[in-house]
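The following paragraphs go through one protein structure, starting from a contact between two of its parts and moving on to other features.

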Amino acid sequence: MDYVKLINCMRCGMCLPACPTYKETFLETASPRGRVALVRKVQEGELDQSEQLLEYLSLCLDCQACASACPCGVNAGELVAEFTCERKESRGLGFMEDLILRKLVPHPDRLETSMVPMRIYQKTGLQNLVRKLGILKMFPKQLERMEGLLPDLPDKPLRQEIQVITPAVGQERGTVGFFLGCVMSLIFSDASRATIKLLSSLGYKVITPKSQVCCGAPNMLGGDMAGLKEAAQTNIDIFASYDVDFIVTDCGGCGAELKKYGHHLDGYKSAEIFSGKVRDISQVLALHADQLRAKLKPLPLKVTYHDPCHIAHCQGIRKEPRDLLKLVPALEYRELEAADACCGSAGTYNIERPEMSDLILKRKLDTIQATGAKILVTSNPGCLLQLKKGLADHLPDVKIMHLTEILDLSMNGQS
Ligand code: SF4
Ligand code: SF4
């Protein structure tokens, strides 16, 4: 860990109002400033790594809202994540972590097979029966929560049905590589199909290599830096074999991780080149606003936008998604208060810290309700899962869509 990043904190407190856990607790230990101070004390040998300390740090969502607010460039979320990752790394992977992070996640075919029982569970009507009878109440709370978050699965993951090459419609303007993302392909395949359709209709040939693997974000979370570097190396080699202008993703979390490959594999030129080509889909679509505007048809809907942390805070992208929504004729855009505040999803945080996650989600739902919008747009699978469930439970008349789904709807109608 870079000690200089810790001592940069001048304890001004400007990050406090941005931190979701501080807003809920008003505790210094649950604030960015407090977390930086705790990690610093450990690094200086003045504090032991007690269970209590780890408990304080584990309440951080790594949403990085503090980084956007800090005038000194301190990123408390990233520092806590690095500290936790180093600690887990020194301990080594446990049996379950090894099984998930090494034997499952880096193998898209195994990941897809692991979802088959869930698909059968849903398609046979067993899910409805289980929910009706409240059977899950007999199992650990975490299982019930995970099951509740799962939306209707598509018949097939996108990776299994998409062609490697999707030709450009009309005159070809360039070639892009499409990064699938595990959750997008397995669960939100309609959104990624819309992404590819939009790119192709704007004149891009889209290449979707089937051998690409997970971006490595789960490895980072699990303290498995070696696994993350392996995933990065695999993806870099795969995309390097195609001549692409950009590597496009419609998953905020993947985009943030892919853009860091150059940092993770420091000094490795191919990693820098790879990261330099990565674009969030909104960045590419925004380049062709005029052409897009000419293709969009009216959608008389009240729409608001939630900034995923991985897009707004980690990648600094805020303007493009809004500008794109405002291109849609007849669409009434309503800005969301604290739109870039975390929704409480944060990887597996909503399973591991349900109470705090629910408090943060409630704030988000209240702001959504205040807009009067009937469609909530966002662009990250974690946010989509969390907010879809939150809306279904508390604001059932508000629908959630990925940014590319609403643009595709405006361009092509109901697909
Ligand atoms: S992290 Fe940044 S904003 Fe927060 S107290 Fe330190 S210097 Fe101030
Ligand atoms: S990453 Fe988010 S939760 Fe963690 S300290 Fe920063 S603002 Fe707070």
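Across the interface of domain 1 and domain 3, one residue pair is found in polar contact, with both residues at pLDDT 80 or more. The side of domain 1 that touches domain 3 consists of one nonpolar residue, no polar residues and three charged ones. Despite those charged residues, the number of salt bridges between domain 1 and domain 3 is zero. The model discussed here is a predicted one.

To place this interface, consider how the protein is divided. Domain 1 covers residues 3–91 and domain 2 covers 95–149, while domain 3 runs over 158–285 and domain 4 over 295–412. Four residues from domain 1 and six residues from domain 3 make up the contact between these two domains. Their C-alpha centres are 31 Å apart.

The area buried between domain 1 and domain 3 is about 460 Å², and carbon and sulfur atoms account for 57% of it.

Salt bridges do occur elsewhere. Side chains of opposite charge can pair when their charged atoms come close. The structure as a whole holds 27 salt bridges. In one salt bridge, E46 is paired with K41, and the closest N and O atoms are 3.3 Å apart. The two partners fall into separate accessibility classes. E46 has 53% relative accessibility and therefore counts as exposed, since the cut-off for that class is over 50%. K41, at 35% relative accessibility, counts as partly exposed, because its value lies between the 20% and 50% limits. Another salt bridge joins K269 to E272, with 3.5 Å between the closest N and O atoms.

The last feature is a ligand site. Which residues surround ligand 2? The shell includes the cysteines C19, C60, C63 and C66, together with P20, P32 and L61. R35 and D62 also belong to the shell, as do Q64 and G77. By class, the residues around ligand 2 divide into seven nonpolar, two polar and two charged. The side of domain 1 facing domain 3, by comparison, has one nonpolar residue and three charged residues.

Technical notes. Residues are numbered from 1 along each chain as its sequence is written. Chains are lettered from A and ligands numbered from 1 in the order in which they are written. This is a predicted model: local features need pLDDT of at least 70, side-chain atom pairs count only at pLDDT 80 or more; totals for chains, interfaces and linings use all residues. Side-chain values use heavy atoms; hydrogens and water are left out. Domain bounds come from an automatic or database domain assignment. Contact means heavy atoms within 4.5 Å. Buried area is the accessible area (1.4 Å probe) that two parts lose on being put together, summed over both. A salt bridge is a side-chain nitrogen of Lys or Arg within 4 Å of a carboxyl oxygen of Asp or Glu. A polar contact is a pair of N or O atoms within 3.5 Å; within protein, one must be able to donate a hydrogen and the other to accept it, and residues adjacent in sequence count only if both atoms are side-chain atoms. Ala, Val, Leu, Ile, Met, Phe, Trp, Tyr, Cys and Pro count as nonpolar, Asp, Glu, Lys and Arg as charged, and the others, Gly among them, as polar. A residue is near a molecule or strand if one of its heavy atoms lies within 4 Å of it. Buried means under 20% relative accessible area, exposed over 50%, partly exposed in between (1.4 Å probe, protein chains only).
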